[in-house]
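Me: I am new to this structure and would like to go through it by question and answer. Please show it first.

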Amino acid sequence: LEDGEFDVYSPHIDPADFRQGIGEYTQSLFIPDSSEVISATVDGDVVVWAESMLLAPPDETGEMRKQAVKIIKLHTNGGINFLGLHENSIVTGGSDGFVRFYDFKMRMVAWFDYFNNGPVTSIDFARTGKEVPALLTAENFDCEDFVFGTSSAQIVTAGTELLQQLEMEDRRGTVVVQGFESKIESVTTHPAIPVALVSTSAGRLHVADLAGGVTGSRELEPQSAMAYAPDGSLVMCGSAGAGTVHILDASNLENVQTLSPLDGPVERIAVAPDGLSFATVDSTRATTIFKYMVDPEALVGVALDEVQNAPETKCWAFVGSYRAHYKPVSGLVWGPPAIAGDTPRLWSVGQDGFLVEYDIDGSSVEGGVQLKKRERILRSPIPSAAGLLPAYGGAYLKEDVLVLCDDQYKMKVQQV
């Protein structure tokens with residue numbers, strides 16, 4: 001800073017001088033009690049900048065300019081995302097998920113290489129006044145407890161006591177916050193316990209305990225619609241990028257069955273009250289019905305005299321698709337049967353103003369999806385959502401009705 005203005009210059013660096021490429025810089029740091037500066041790169045190196053009479057003679061004003069004098073590899077499996085100081089040590093956090101400490105001569109004195117929380121993005125230390133040796137070595141290393149954040153949306157606490165642990169699992173710190181690593185694509189809640197299933201755009205599926213954070217995760221392409229079975233044993237997931245439906249075991253998120261009969265990304269998914277059917281709506285406006293039934297292909301190739309003795313194999317089967325709306329579908333709703341013991345009912349509502357009821361009993365693998373009723377219920381307003389309001393007795397509501405919302409901020413009760 002001279003005469004109230006910053007003097008700025010960018011020293012030249014030639015990769016050929018170091019016989020290696022030089023990645024993009026991430027952060028820089030002044031070394032205390034020294035004129036040296038170090039810059040971290042996405043390749044895991046640090047470039048050391050220093051005043052050198054040989055490499056950078058004084059300019060016309062007699063001022064020394066810094067020049068790159070050496071490159072040192074600090075992280076071998078990824079870039080350096082964080083570069084900072086703690087007491088008398090340099091601290092780095094890398095894309096490899098490691099946190100390392102170096103003295104001012106770039107000699108490693110401590111390393112936390114057992115973390116398994118994703119690339120480190122930031123680090124901060126407690127400020128308790130803990131005494132740290134003036135000259136740090138691997139034998140006497142000590143530091144304040146620290147916390148670091150990762151690109152997988154975790155915040156983790158750690159300290160020097162981890163270095164004394166013998167078991168790898170005991171050296172990984174404590175996750176205090178588990179967030180979501182990217183935009184949320186869809187959410188569904190468990191019907192019986194305070195748990196939500198969350199799909200993110202990064203292709204992760206998370207089980208979130210609403211009282212205690214994330215309790216489980218797995219990789220699965222982004223899901224644009226999800227729904228639990230009524231008993232909470234299964235969860236149906238509709239892919240955001242292809243016409244695929246994943247049926248998962250809700251207890252461990254393991255695949256039970258995968259179906260890929262749809263022509264476009266799934267936009268809506270709903271499960272019947274008895275848990276034996278579910279329906280989807282995809283981007284082509286087609287409503288598709290699936291049933292849990294005897295596998296229609298299980299007896300293919302079985303001799304007629306062996307059919308009765310063949311084991312009964314059940315699975316989720318694609319019944320068919322029906323494009324009943326000429327504009328996008330606003331709602332897909334299951335309801336209880338009109339008569340106890342019958343099959344649950346299914347409706348869809350479209351922005352075309354039509355309400356469609358599907359004939360679940362009459363729909364079959366051989367005959368496809370059949371309609372029971374199709375009627376226009378709205379003309380000027382555009383339906384935007386639909387839901388079922390169960391009968392609760394009394395003089396006002398003695399039977400189930402559909403509640404429709406429209407783009408004019410109105411609600412309509414529709415008898416079905």
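Reply: A nonpolar core is a set of buried Ala, Val, Leu, Ile, Met, Phe, Trp, Tyr and Cys residues joined through side-chain atoms within 4.5 Å. Buried means under 20% relative accessible area, exposed over 50%, and partly exposed in between (1.4 Å probe, protein chains only). The model is predicted: local features need pLDDT of at least 70, side-chain atom pairs count only at pLDDT 80 or more, and totals for chains, interfaces and linings use all residues. Residues are numbered from 1 along each chain as its sequence is written, and side-chain values use heavy atoms, with hydrogens and water left out.

Me: How many residues does the largest nonpolar core have?
Reply: Val99, Phe101, Phe112, Phe115, Ile123, Phe141 and Phe146 have the most contacts inside this core. Two or more residues come from each of strands E7 (99-102), E8 (108-112), E9 (120-125), E10 (146-150) and E11 (154-158). Strands (E, at least two residues) and helices (H or I, at least four) are DSSP runs, numbered from the N terminus. The core has 20 residues.

Me: Which residues does Ile123 touch, not counting those up to four places away in sequence?
Reply: Ile123 is one of the core residues with the most contacts. Contact means heavy atoms within 4.5 Å. By that rule Ile123 touches Phe82, Val91, Thr92, Gly93, Val99, Phe146, Val147 and Phe148.

Me: What is the arrangement of the rings of Phe112 and Phe146?
Reply: Rings of Phe, Tyr and Trp (its six-membered ring) pair if their centres lie within 6.5 Å; planes under 30 degrees apart count as stacked, over 60 as edge-to-face and the rest as tilted. By this rule there are 15 aromatic pairs. In the pair of Phe112 and Phe146 the centres are 5.3 Å apart and the planes are at 80°, so the arrangement is edge-to-face.

Me: Which residues form a nonpolar patch on the surface with about 220 Å² of accessible area together?
Reply: Patches are made of residues with over 30% relative accessible area and no salt bridge, with like charges joined within 9 Å and nonpolar side chains (Val, Leu, Ile, Met, Phe, Trp, Tyr) within 5 Å. Accessible areas come from the Shrake-Rupley method with a 1.4 Å probe, and for residues only the protein chains shown count as cover. One member, Val176, is in strand E12 (residues 174-178) and is partly exposed, at 46% relative accessible area. The patch consists of Ile155, Val176 and Val177.

Me: Which residue meets Asp142 in a salt bridge?
Reply: A salt bridge is a side-chain nitrogen of Lys or Arg within 4 Å of a carboxyl oxygen of Asp or Glu, and the whole structure has 10 of them. For Asp142 the N to O distance is 2.9 Å. Its partner sits 12 residues apart from it, both being in the loop between E9 and E10. That partner is Lys130.

Me: Is Glu169 buried or exposed?
Reply: Glu169 forms a salt bridge with Arg172, with the closest N and O atoms 3.0 Å apart. The relative accessibility of Glu169 is 58%. Glu169 therefore counts as exposed.

Me: What is the phi of Met106 near?
Reply: Met106 lies in the loop between E7 and E8 and is buried, with a relative accessible area of 12%. Its phi is positive, in a residue other than glycine. The value is near 65°.

Me: With which residues is Asp361 in contact, leaving aside neighbours within four places in sequence?
Reply: Asp361 lies in strand E27 (residues 354-364) and is exposed, at 60% relative accessible area. The C-alpha atoms of Asp361 and Arg345 are separated by 9.4 Å. The contacts of Asp361 are Lys291 and Thr343.

Me: How far apart in space are Gly203 and Arg65, C-alpha to C-alpha?
Reply: Gly203 is in the loop between strand E14 (195-200) and strand E15 (204-209), and counts as buried at 12% relative accessibility. In sequence, Gly203 and Arg65 are 138 residues apart. In space, the distance is 48 Å.
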